[in-house]
Amino acid sequence: MRPNRFRLPRFLRNHKAAAGALILLFFLVFAVIGPWIAPYSPDQTGTAIVVGPSSAHWFGTDQLGRDIYSQLLVGTRGVVVVGFLAGAIATVLSMLIGIASGYLPGRGGESLSVLSNVFLVLPALPLLIIITSTQQSNGWVVILVIGLTSWAWNARLMRAQTLSLRRRDYIEAARATGESTSRIIVFEILPNLTALIASGFIGTVVFTVLTEITLAFVGISVSEWNWGTVLYWAQSQDALAQNAWWWFVPAGLAIALLGTGLALLNFGIDEFVNPRLRSSGPARIKTATGRRVRMRIGFTPVTGAPGELVPALAQDPEGETL
Amino acid sequence: MDVIAAETAVLEAEGLTKHFPLPASGRELLGGHARVVHAVDEVTLTLHRGRVTALVGESGSGKSTVARLLAHLQHRTDGSVRLHGQEVKVRGGRKLRAYCRSVQLIFQDPFASLNPVHTVRYTLSRALRVHGHAGRSRAELDQALTDLLGRVRLTPAEQYLAKFPHELSGGQRQRVAIARALAAQPEVLLADEPVSMLDVSIRLGVLNLLRDLKEQLHLAVLYITHDIASARYFADETLVMYAGRMVEGGPSETVTQHPAHPYTRLLINSAPDPERLGTGFGEYDEDGELTEEEDLGEPPSLVTPPTGCRFHPRCPHVMERCSTETPPRFEVPDPDGAPTTQWAACWLYANEEASAA
């Protein structure tokens, strides 16, 4: 092993996080370059109607001879932008309201909790359908409505967790050490909420992507291309009955893959922020004699040759002071 | 003795009282009195430099609340706290930080008192930095950290600095917690049952460490415990609490060997002793007189504490006066007539006080 070999950041050394990040990166790249590398305009009609994948049309064509590959490429940007922006709005709101309502004593905290309960029962999807069908359907309206309606669940989770954290001994200990309140919130409480915040963010992104695709699928915001629009046309033209699998399978797989990537990232974050779930070093090690040993918790392999001393793994200071 | 005591007194509490309000029920909303838990009532104590004062009592007697009140983690309902003779009125902010520099608290549960997301290095450097003992450069900080860990005998320091709390044993964690308290270079250490969550085999090690630190750093230590035997081992002075009130106090040896208050006697007799096998609880020999076997009973409700002496419903020597008047502190005469500093809040000693005066 060369000493100055490139090393991944600790977070990405986790296999799940690395796989999730790779998938996400894949979609982010296509969100940026998709419209440039698309071979056709997604609206450009042609003479080859509902034909399967070929070298000219990688994912086939639809009922107007439009190229489905180009539609997916162009649609990626809409999916990613709406998903992440709405997820970011919802996460920031849930952090502010959740932690404040958990940490503030008395009336202030209670009223913020009531507010999140009210937003919890607001049905986001019907609300979206109403707003987007009356308004000129626009990406920003979708982002704002999803972002402003989907923070409440995470806010409640964060309030509950903050309530349980604020009376913990280590928070009291930080106060007894003389730390200021803002420092306690940001450096003592917030790191313990990282898993919740990250998983809340990723969960909201998944929810947002699905909501946006659902809206397009039911035919409400089909003016801009996204994966839902492709599925909308496939469904309305009976793609399944025509055996035109290329029409809906790539879009469905893209949705599933993005969801998987985000979920893997979520698991990775969870293991990263909770030191207890972190594995310490490689599980398989090579011994001096070249044998491979699998390390397990509560089991110290004794692999030295006979007569060779196996050094103790750790020294307990209690033994000396007794 | 009293002259020396006055000179070395660091932290004094007088009439310390804490009542926790209970959530109001329907009747109280309609105009009754709001109910409170009388966690601590009129506790008076003094901590001296270089001396260990033990506060002994059973669960729920309010001894941990006293520590939290002294650390200003909770606001007292009444009474006063004096640091170096100056009244302390702190609600937070810079004043609290200045107070924390002199008075530090060690928590009972080392598994809960260290933030699981921070390494030992972070926890200790914050404690050093908050009180300005971190030095100017990284090397100075490292030196301060090494000194701190060496002081609690976690050596070599480098082995522990990068560790997270979950990688340490209970005893090691408690040592880190003690190191965090020492980082402020305090004068007073409030140790809230520092060994009760530890394995029996390592308790003595931590207690000896605290004693050595007290001697090296000339600290005043408040040692809170439910184990009166460890108070005798560790403390110079022992105070006994029952149901939120102090009932007895004096030199540890006297209080544990010649307990004056009936509650202290019960407490000492309730400790398992192989030599008393089969004699039952609550039986004590006083003036050659064997009392009947007493039921230990239960501590009273702190919402509606008994009137007068709080121990009277359980006391084998209960008198009429006990249920009506709260006993003040009475000096307990030494059996040999020598001067004594032992006192008990019990009417049993009222007459002797009067005759002595």
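**Core, helix packing and chain contact in a predicted model**

Leaving aside neighbours within four places in sequence, B:L70 is in contact with B:L11, B:A13, B:V81, B:V103 and B:L190 (contact: C-beta atoms, placed from the backbone, within 7 Å). The model is a predicted one, in which local features need pLDDT of at least 70 and side-chain atom pairs count only at pLDDT 80 or more, while totals for chains, interfaces and linings use all residues. Residues are numbered from 1 along each chain as its sequence is written, and chains are lettered from A in the order in which they are written.

B:L70 is also, with B:L190 and B:Y223, among the residues with the most contacts inside the largest nonpolar core, which has 160 residues. Such a core is a set of buried Ala, Val, Leu, Ile, Met, Phe, Trp, Tyr and Cys residues joined through C-beta atoms within 7 Å; buried means that 20 or more other C-beta atoms lie within 10 Å of a residue's own. Helix α8 (residues 181-217) of chain A gives the most to this core, with 13 residues (helices are DSSP runs of H or I, at least four residues; strands are runs of E, at least two).

Turning to the contact between the chains, 32 residues of chain B are in contact with 20 residues of chain A. On the chain B side, the elements giving two or more residues are α4 (93-102), β6 (103-106), α5 (120-130), α8 (170-183) and α9 (200-217). The largest share, 5 residues, comes from α9(B).

Within chain A, A:I97, A:A100, A:S101 and A:G102 in α2(A) meet A:G109, A:L112, A:S113, A:L115 and A:S116 in α3(A).

Conventions:
Buried ≥ 20, exposed ≤ 12 C-beta atoms within 10 Å, placed from the backbone. Contact = placed C-beta atoms within 7 Å.
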